[in-house]
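Welcome to this short tour. Please open your viewer and get ready to select a few residues along the way.

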Amino acid sequence: MKQLFRDVDGGPLCPEGSVACIGAFDGLHLGHRALVRHAAGRARALGLPLAALSFEPLPREFFTPDAPPPRLMLPRARVEGLCDLGVDLVGLLRFNRAFTAMTPDGFAARVLAGRLRAREVWVGPGFRYGHRRAGDIGSLQAAGQLMDFSAGEIEPVLLDGERVSSTRIRAALVAGDFAAAARLLGRPYAIGGRVVRGRQLGRTLGFPTANLRFGGKVPALQGIYATRVHGVGDAPWPSVSSFGTRPTVDGVEPLLEAHLFDFDGDLYGRRIEVEFVARLRDEEKYPDLPTLVAQMDRDAASARAILMQAPQRATA
């Protein structure tokens, strides 16, 4: 049975022991997947549950709140993705002031040995942890000798001679290179969530949209896109989407708005996934709504033409 926990302190969650892997896991790209797969193999070999430890907010978000790094995925998607990879227990640890003050040995004792009863711990290349990032694989292995667990580091996953990283994926998304992003992720880039009710302005303009909020996080991309929506029908539904703050109508919060072509139905409350296929243009502020609608017509025509030629992936 899958389980999620947030707190550092508490009773043991795996009394018989576990195998643990640790990472930010933003995007769950090929490098993350290699780490989880390796740890999953070790957990199966030992007959133990697999635990994955991550953090919320991400450390860079906590330390640079005025300029947080763009997010590739939201916390729920990260947890669901880890569970889909075979993780039994996800620790989405609260990254706060108290957590940053914890020493490397304190983290090993309270979380790895205490909560998880870890027998093996696996991390990616260059892993650092603890107060002022003082801990590394060497200190983790030393702690393990005292606390009865082993620690190992997997080899970096390379693509085109460079290490796969969330930074490379963010750069590809900003450039509109979704093919490169998909190669680094191992799948097309998509954002999932539950459809929320908006101002319904799109409906009055002839472009009803399914709206997804991004949880107050900074998205990794912004603009107008040719997209496909998964979770609506038997096949991915062609669409055109806007991801931004809607400056023409004085919006503030980043919102993903997907207009599904030739769709007639109520999607409120439905969980969907919006797959990004091609970038059309930047988000712009228009002098009035008629000018905006004329541009939306052009965007829709461009998206339809692109999607007729672009290959599809299986529906979510």
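Which residues are exposed on the other side of H6? Keep in mind that this is a predicted model, and select helix H6, residues 137-147. Gln145 and Leu146 are the exposed ones.

Now colour Leu140, Ala143 and Gly144, which are buried in H6. They lie on the same side of H6, because they cover an arc of only 105° around the axis.

Next, show what the buried residues of H6 pack against: helix H5 (104-115), strand E5 (118-123) and strand E6 (150-153).

**Visit the largest pocket**

Select Gly23, Ala24, Pro59, Arg128 and Arg133, which are the closest to the centre of the largest pocket among the 40 residues that line it. This pocket has a volume of about 1200 Å³. Helices H1 (30-46), H2 (59-63), H4 (97-100) and H7 (166-174) each supply at least two residues of its lining.

How many disulfides does a search of the whole structure find? The search finds zero. Cys21 counts as buried because its relative accessibility is 0%. Cys83 is buried too, with a relative accessible area of 18%, since the cut-off for buried is under 20%.

Notes: Residues are numbered from 1 along each chain as its sequence is written. This is a predicted model: local features need pLDDT of at least 70, side-chain atom pairs count only at pLDDT 80 or more; totals for chains, interfaces and linings use all residues. Side-chain values use heavy atoms; hydrogens and water are left out. A disulfide is a pair of cysteine sulfur atoms within 2.5 Å. Buried means under 20% relative accessible area, exposed over 50%, partly exposed in between (1.4 Å probe, protein chains only). On a 1 Å grid over the protein atoms alone, a cavity is a set of points where a 1.4 Å probe fits but cannot get out, and a pocket is an open set with protein on both sides within 12 Å along at least five of seven lines; lining residues have an atom within 4 Å of a point. Grid points are joined across faces, edges and corners, and a volume is the space filled by probe spheres set on the points. Helices (H or I, at least four residues) and strands (E, at least two) are DSSP runs, numbered from the N terminus. The arc is that of the directions from the helix axis to the C-beta atoms. Contact means heavy atoms within 4.5 Å.
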